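I opened the model and went through it step by step. These are my entries, in the order I made them.

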Amino acid sequence: QVQLVESGGGLVQAGGSLRLSCAASGLIFSINTMGWYRQAPGKQRELVAVIRSGGSRTYADFVKGRFTISGDISGDNAKNLVYLQMNSLEPEDTAVYYCNVESPIAKDYWGQGTQVTVSS
């Protein structure tokens, strides 16, 4: 059974930083992409950043160079870990952040979510 465990959320003042971590276990397939999505109250879940097995990364426009995704998801000895370093946080970044894994057949797996709250 695939399990994604997130950590690192919390409360921070505007301009501050947080680092989110996600560890995937129970995988019987190679990860296609692994990354982060977020959902604010009353809004749809949206992409924040993902990293692909080939190493390329995609960021949402609103990241504006403030966030960096890194991880180890490729190879026989992959740790299946991903991190999201978030700097210069803004109140608009307040949301529940979800870790996501996409399998080679485009099946999605989700973590339970971690709350990020940025106070003004």
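**Disulfide**

I searched the whole structure for disulfides and found one. My cut-off was a pair of cysteine sulfur atoms within 2.5 Å. The bond joins cysteine 22 to cysteine 99, with S to S at 2.0 Å. I looked up where the two ends sit: cysteine 22 is in strand β3 (residues 18-25) and cysteine 99 is in strand β9 (residues 95-102). The pair is 77 residues apart and links distant parts of the chain. I then checked the torsion about the S-S bond of cysteine 22 and cysteine 99; it is about -90°, so the disulfide is left-handed. Both cysteine 22 and cysteine 99 came out as buried. Buried means under 20% relative accessible area, exposed means over 50%, and partly exposed lies in between (1.4 Å probe, protein chains only).

**Ground rules**

I noted that this is a predicted model, where local features need pLDDT of at least 70, side-chain atom pairs count only at pLDDT 80 or more, and totals for chains, interfaces and linings use all residues. Residues are numbered from 1 along each chain as its sequence is written, and side-chain values use heavy atoms, with hydrogens and water left out.

**Elements and overall form**

I listed the elements next. The protein chain has eleven strands and zero helices. I took both from DSSP runs, numbered from the N terminus: helices are H or I with at least four residues, strands are E with at least two.

I checked the radius of gyration, taken over C-alpha atoms against a rule of 2.2 Å times the number of residues to the power 0.38. The protein chain has 14 Å, which agrees with the value near 14 Å for a compact globule of 120 residues. The C-alpha atoms fill a box of roughly 45 × 25 × 20 Å along the principal axes. Of the 120 residues, 38% count as buried.

**Contacts**

I counted contacts as heavy atoms within 4.5 Å. Among those between residues at least 6 apart in sequence, 51% join residues at least 24 apart.

**Arginine 19**

Leaving out residues up to four places away in sequence, arginine 19 touches Ser7, Gly8, Tyr83, Leu84 and Gln85. I also checked arginine 19 against threonine 114, 95 residues apart along the chain; their C-alpha atoms are separated by 11 Å.
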